[in-house]
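Subject: Structure handover

Hi,

Here is the structure I promised to pass on. Please open it first, then read my notes below.

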Amino acid sequence: GASRSDKDRTLYNAARPFRVIGNVSDGEIVQLQQARGPLAKVSLVSMWLQELISREYLAGSTGKVAPPIISRLYQFVSDGMA
C-alpha cells in the first residue's frame with residue numbers, strides 16, 4: 001500500500017469495498033471526519049467495536065458465551081491494531 005500513489009490507492013480501495021452492517025450514523029460520520037489521520041480513524045472504530053462487544057455481552061445478547069471467549073474477541077481487536 002505505501003508504495004502506491006494516492007490515485008492507485010483510491011482505485012485499489014474502491015475495488016474492495018467493506019460491507020457496513022447496520023449503516024453508519026450521521027454522528028459516526030462526523031466523528032470519523034474529525035479524527036486526525038488514518039490511525040485516529042482506525043483507533044476510533046476499534047473503540048466502537050470493543051464498546052459493541054461489551055454492550056452486547058452485558059445485555060446478554062451473546063448467549064451463554066464464557067468470559068474467556070469474550071476476552072479473546074478483545075484480543076483479536078487489539079491484535080488488529082498492532
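Start in helix 3. E51 and R55 sit four residues apart there, so about one helical turn separates them. Helices here are DSSP runs (H or I, at least four residues), strands are E runs of at least two, and both are numbered from the N terminus.

Before going on, two notes on the source. This is a predicted model, so local features need pLDDT of at least 70 and side-chain atom pairs count only at pLDDT 80 or more, while totals for chains, interfaces and linings use all residues. Residues are numbered from 1 along each chain as its sequence is written, and side-chain values use heavy atoms, with hydrogens and water left out.

**Salt bridges**

E51 and R55 form a salt bridge, and their closest N and O atoms are 3.8 Å apart. The term means a side-chain nitrogen of Lys or Arg within 4 Å of a carboxyl oxygen of Asp or Glu. E51 is partly exposed, at 42% relative accessibility. R55 is also partly exposed, at 45%. The cut-offs are these: buried is under 20% relative accessible area, exposed is over 50%, and partly exposed lies in between (1.4 Å probe, protein chains only).

How many salt bridges does the whole structure have? The search finds two. R9 and D6 make a salt bridge as well, at 3.0 Å from N to O. Both residues lie in helix 1, three residues apart, or about one turn of the helix. Is D6 buried or exposed? D6 is exposed, with a relative accessible area of 58%. R9 is partly exposed, at 29%.

**Pockets**

Rolling a probe the size of a water molecule over the atoms shows where empty space is left. The search uses a 1 Å grid over the protein atoms alone, and a pocket is an open set of points where a 1.4 Å probe fits, with protein on both sides within 12 Å along at least five of seven lines; lining residues have an atom within 4 Å of a point. Points are joined across faces, edges and corners, and a volume is the space filled by probe spheres set on them.

The largest pocket holds about 460 Å³ of space. It has 14 lining residues, and I21, N23, E28, V45 and W48 are the closest to its centre. Helix 2 (26-34) and helix 3 (38-59) are the elements that give two or more residues to this lining. Helix 3 gives the most, with six. By class, the lining has eight nonpolar, two polar and four charged residues. Here Ala, Val, Leu, Ile, Met, Phe, Trp, Tyr, Cys and Pro count as nonpolar, Asp, Glu, Lys and Arg as charged, and the others, Gly among them, as polar.

The second largest pocket holds about 160 Å³. L32, P38, K41 and V42 line it. Helix 3 gives the largest share, three residues.

**A surface patch**

Which residues form the nonpolar patch on the surface? They are V20, V24 and I29, with about 220 Å² of accessible area together. Patch residues have over 30% relative accessible area and no salt bridge; nonpolar side chains (Val, Leu, Ile, Met, Phe, Trp, Tyr) are joined within 5 Å, like charges within 9 Å. Areas come from the Shrake-Rupley method with a 1.4 Å probe, and for residues only the protein chains shown count as cover.

I29 is in helix 2 and is partly exposed, at 35%. V24 is in the loop between helix 1 (6-14) and helix 2. V24 is partly exposed too, at 38%.

Best wishes
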